[in-house]
Amino acid sequence: LFRSTGHYTDHHPAFHTLSIRLLSRLWESPAVVAISQILGLSLSAAWGIKLLESHGLSRRLAWLASLLFALSFPNASLVITLWKDIPYAIAFLLFSLYLFQMVISKGGWLLSWKHAVLMGLVGAVIPLLRHNGLPVVLIILPLLALIYRQAARQVLLTLAVFAGAYLLVRGPFYRAVNVEQSSSNFLYGTLLGHINAHVKAGTTLLDDEIAYLNSAGITSVDDWRYYCCNILSTMQGVQDWTPLQNDPARLVTIFTRTLQENPRVNLGHMACLDEVVFRLSDPHCTTLTHSLYSNRNRGGWIVPNDLVQQASLLPGLVEPVYRFDAWLADNPLLFTLTWRPALYLYLSVLLFALVAVRRQNWLWLLPALPGILQSFFLLIVNNSQAFRYQYGVYLFGLLSVFIYLVLMRKPQDVP
C-alpha cells in the first residue's frame, strides 16, 4: 500500500486505497492510517455523546458511554487495523446519528444548509468505502424527502451532494488515476455458493448446466469443494471466470431453476453463511473477529511480507492480549457480548421500537433503519463470517442504549 505500483482496482473500493495513499504522503507508515482511524472514531463518538448530553443525558452516563467506547475490545483491536470496514463503520455511525437528529428535531436539523451538505458527503462516503453501502443510502435519502416535506429543498440538496460526490469520485477521478473497475466475481460467487449447496444436497444438474460450469474450470462438479460458512472455497474451484462473465444470465438461470426445485437448500445455505448477521450464540461457523490471528500467521497480527514487519513497541503486552482474547473466545456469554454483532442489531431495533411505542411515533425507528438495511443486504451478498462487516451496527448499538435512556424519560423533559 505504501509502495504504490500506480495500478488501482475497485475490487476492494479504490477510494479506500487512494485515501491510504494520500495519508502516506504525510508519513510513510501504516501507523498514519491507524492514527487517523483512532481520531475519526474518537471524535465521532465524542460528538455523539455530546449530542446526547445536549438532549439531557447526565454527565455520569456520558462518562460511562465514553468509558464503554474506550474500553471496548472490538474498538481497541479494530480501530488500529487497516481495513476499509473501519472508516465505513465510522461513517455509518455518523449517518445513523444524523437520522437521530432528524427525528428528534422533527426535521428541523436538516433545515440548515450546512447539515444538508454534511449529510450528503457522509452518505457518499458510505458506498465509496463499501459497495454494499449504496442501497442503504439510496433508500434512506429519498425516504427523508417523503417524510420531511418542510425540508424538501434541503433533502434535495443532500441528494445532489451525495450523487455529485459519489459520481465525481467514481467517474472523472477514477478515470484520472486509471482505476480498474471491479469485476462481478463476488456476485457470481454468491450464486455459485447456492448452486454448490444444491450439488452437495443431491439436486440434479442438467447436462448443459454441468457443461457451463465445466467451461469455468470446475472440471468435476461432484468434487467441487463446499463449505457453508463462506463462499471462498466455492470460488476457488473456478479456474476461468471468463465464461461466467460472458454469459451471467446462464448462471442466474441455473440458480433460479435449482431454487425453484428445492428452496430449502438455499435457505439452509443462507442460514449457515449468514450466521454473523443474525445468530447470537452457539454458531456453527467460526467468527472472524480481528486481525490478531490469521490462517497464514497463527502467531501474530501482521502476515509476513516484504514491506511491513511485525515489531510491537510494547512486547510485554502481546501475550496478555492473546490470553484475554482466548478467554473471551472460551466464554460463550462474554463472546456474545463482545463479538456477536446480531446482539447490537437486535438491541438497537428493540430500543427504538420501544421508544416509538412510548412516543406513539413510528418515525423513531428511522435511526435504526441503516442497521436493518445493512443487515438485510448483507444476508443476500455475504461471503464469510467477518465481524467487521457489521462493525458499524455494533458501534451504533452501543450508543443506542444511551439514546434510549434519554428518550424514555417523559417526552416533555426531552428538548
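I take buried to mean under 20% relative accessible area. The model I am reading is predicted.

**Entry: aspartate 10**

I looked up aspartate 10 in the loop between strand E1 (8-9) and H1. Aspartate 10 has 0% relative accessibility, so I list it as buried. I found its side chain 2.8 Å from the backbone nitrogen of alanine 14. Setting aside neighbours within four places in sequence, I noted contacts of aspartate 10 with residues including His131, Arg170 and Tyr174.

**Entry: disulfides**

I searched the whole structure and got 2 disulfides. Cysteine 228 and cysteine 272 make one of them, with sulfur atoms 1.9 Å apart. This pair links distant parts of the chain, as cysteine 228 sits in the loop between helix H10 (207-215) and helix H11 (232-236) and cysteine 272 in helix H14, 44 residues apart. The torsion about their S-S bond is about 60°, so I put the disulfide down as right-handed. I have cysteine 228 as buried at 16%, and cysteine 272 as buried at 8%.

Cysteine 229 is joined to cysteine 285, S to S 1.9 Å. Here the torsion is about -85°, so the disulfide is left-handed. I also noted that both cysteine 229 and cysteine 285 are buried. Numbered in sequence order, the bonded cysteines pair 1-3, 2-4.

**Entry: second largest pocket**

I read a volume of about 400 Å³ for the second largest pocket. Its lining has 20 residues, and Ser36, Pro87, Ile90, Val125 and Leu129 lie nearest the centre. H2 gives the largest share of this lining, 7 residues.

Key
Residues numbered from 1 in each chain as written. Predicted model: local features only at pLDDT ≥ 70, side-chain atom pairs only at ≥ 80, totals over all residues. Heavy atoms only, no water. 1 Å grid on protein atoms, 1.4 Å probe; cavity = no way out; pocket = protein on both sides within 12 Å on 5 of 7 lines; lining within 4 Å. Points joined across faces, edges and corners; volume = space filled by probe spheres on them. Helix = DSSP H or I, 4+ residues; strand = E, 2+ residues; numbered from the N terminus. Buried < 20%, exposed > 50% of the residue type's maximum accessible area, 1.4 Å probe, protein only. Polar contact = N/O pair within 3.5 Å; in protein donor to acceptor, adjacent residues only side chain to side chain. Contact = heavy atoms within 4.5 Å. Disulfide = S-S within 2.5 Å.
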